[in-house]
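Me: I want to learn how to read a structure of two chains. Can we go through it feature by feature?

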Number of protein chains: 2
Amino acid sequence: MNNLDIPNPDRQSWRPGTMLYPLPAVLVTCGTSVENSNMITVAWTGTICSDPAMLYISVRPSRHSYPIIKETMEFTVNLTTAAMARATDWAGVRSGSQYNKWAETGLTPMPGQLNACPYIKESPLSIECKVKQIISLGTHDMFIAEVVNVLADSQYINPETGAFDMARPGMLVYCHGGYYEMGDFIGRFGFSVKKTR
Amino acid sequence: MNNLDIPNPDRQSWRPGTMLYPLPAVLVTCGTSVENSNMITVAWTGTICSDPAMLYISVRPSRHSYPIIKETMEFTVNLTTAAMARATDWAGVRSGSQYNKWAETGLTPMPGQLNACPYIKESPLSIECKVKQIISLGTHDMFIAEVVNVLADSQYINPETGAFDMARPGMLVYCHGGYYEMGDFIGRFGFSVKKTR
């Protein structure tokens with residue numbers, strides 16, 4: 001039987017939806033200083049170009065951080081760990097218009113290096129970004145940004161090789177409405193074509 | 001001591017780079033028919049809008065799939081599992097100009113529903129997309145697309161609730177050059193504000 005010519009009875013066809021997973025759930029910081037700053041949880045984020053290094057975040061215009069980012073044209077993406085899961089979820093559910101998210105989550109703002117907004121001390125890696133373009137798409141506006149600086153927590157850097165071991169802090173994975181830990185290692189990029197002696 | 005006023009000695013500042021993780025490593029299918037199709041592995045992908053449901057993929061113009069997608073203005077995103085890790089890695093390292101990737105990976109092309117290009121039978125969920133805009137950024141061009149159809153493997157749908165259990169197939173996670181399984185469940189979106197009786 002040629003399975004190319006018949007429809008697949010094992011598939012259900014759904015209405016269009018946001019079903020691309022697994023994703024990072026990052027804490028995006030913004031503001032003009034450590035004292036005047038906010039954070040927002042974002043899963044609609046991704047790398048869009050390798051060189052220059054660029055990424056995007058998509059944010060609803062109704063969110064408290066939206067006008068802040070639009071005004072300052074910068075934000076910092078802070079990667080999250082399983083230990084930060086509760087704070088990450090909380091910052092995505094609550095609004096900076098009603099809460100001081102630093103006080104409520106217990107996360108620590110540290111002065112940015114190339115950004116005026118702080119980064120999060122507890123994050124293993126923070127990515128300072130400058131907005132290049134804003135595209136309105138519907139419920140969300142996409143902030144297209146260039147990476148200007150990467151701040152990595154030294155405790156995860158191998159002192160001999162200088163390599164950053166991103167698996168060690170235990171990254172947080174967001175998948176279809178659920179938070180997960182990262183699981184077992186399978187292989188390095190290119191493992192499928194590696195010659196074995 | 002006020003840690004807001006001193007620089008953090010525990011951070012190393014790096015040159016700009018693509019350090020946003022964990023990410024999905026999806027198999028993107030393209031082409032004009034099941035017989036005339038290709039696949040390419042993409043980690044530079046993400047949801048950019050909830051309604052209308054939109055996502056992007058970023059692809060180097062030198063890739064074999066690039067002119068195919070530009071010509072047909074459609075592609076299908078196929079989510080990947082740990083069981084598909086070897087095929088996913090292989091399709092990202094090898095070129096469709098030199099190999100028939102279907103034959104080499106053993107993956108099965110199935111006729112698309114709203115797209116002319118096939119989807120991958122072994123993928124738990126496939127997302128048919130139509131390209132709306134192409135933005136040149138540098139090494140990569142970003143294909144901004146609208147989701148037109150979602151094809152879900154029935155074996156992961158709970159027959160009683162109709163809910164799709166995306167954790168069950170064992171999703172593949174890509175993090176900083178390594179492939180990983182998805183690990184332990186932490187909580188549902190909103191768990192940090194859930195009242196306990």
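Me: Which strand of chain B is joined to strand β1 of chain A, and how do the two run?

Reply: This is a predicted model. Look for bridges that cross from one chain to the other. Here four bridges join β1 (residues 11-14) of chain A to strand β10 (residues 141-153) of chain B. The two strands run antiparallel. For a landmark, take A:W14, which stands opposite B:V150 in β10(B).

Me: In what order do the strands of the open sheet come?

Reply: The order is β11(A)-β12(A)-β12(B)-β11(B), four strands with antiparallel pairing. β11 (172-175) of chain A and β11 (172-175) of chain B are the edge strands, each pairing on one side only. From one strand to the next, the twist averages 50°.

Me: What joins β11(A) to β12(A)?

Reply: Four bridges, with the strands antiparallel. β12 of chain A covers residues 178-188. Within this pair, A:Y174 faces A:Y179 in β12(A).

Me: Which strands does helix α2 of chain A lie across?

Reply: Check both chains when a helix packs on a sheet. Helix α2 (residues 85-93) of chain A lies across β11 and β12 of its own chain, together with β12 of chain B. Its direction is at about 70° to β12(B). Now take helix α2 (residues 85-93) of chain B: it lies across β11 and β12 of chain B together with β12 of chain A. Its angle to β12(A) is about 70°.

Me: Why do the copies meet through the same surface?

Reply: Compare the interface residues of the two chains. 100% of those in chain B are also interface residues in chain A, so the copies meet through the same surface.

Me: Which residues of helix α1 of chain A are buried?

Reply: An α-helix has 3.6 residues a turn, so residues three or four places apart point the same way. In α1 (residues 65-72) of chain A, the buried residues are A:S65, A:I68 and A:I69. They lie on the same side of α1(A) because they cover an arc of only 95° around the axis. On the other side, A:P67 and A:E71 are exposed.

Me: What covers the buried residues of α1(A)?

Reply: Several strands of chain A do, among them β2 (26-31), β3 (37-42) and β5 (54-59). The cover also includes β6 (74-78), β9 (125-136) and β10 (141-153). Finally, check the backbone beyond the helix. A:M73 follows α1(A) and has a positive phi, near 55°.

Key
Residues numbered from 1 in each chain as written. Chains lettered and ligands numbered in written order. Predicted model: local features only at pLDDT ≥ 70, side-chain atom pairs only at ≥ 80, totals over all residues. Pairing = 2+ DSSP bridges. Axes fitted to C-alpha atoms, helices over the stretch in contact; angles between N-to-C directions. Contact = placed C-beta atoms within 7 Å. Buried ≥ 20, exposed ≤ 12 C-beta atoms within 10 Å, placed from the backbone. Arc of directions from axis to C-beta.
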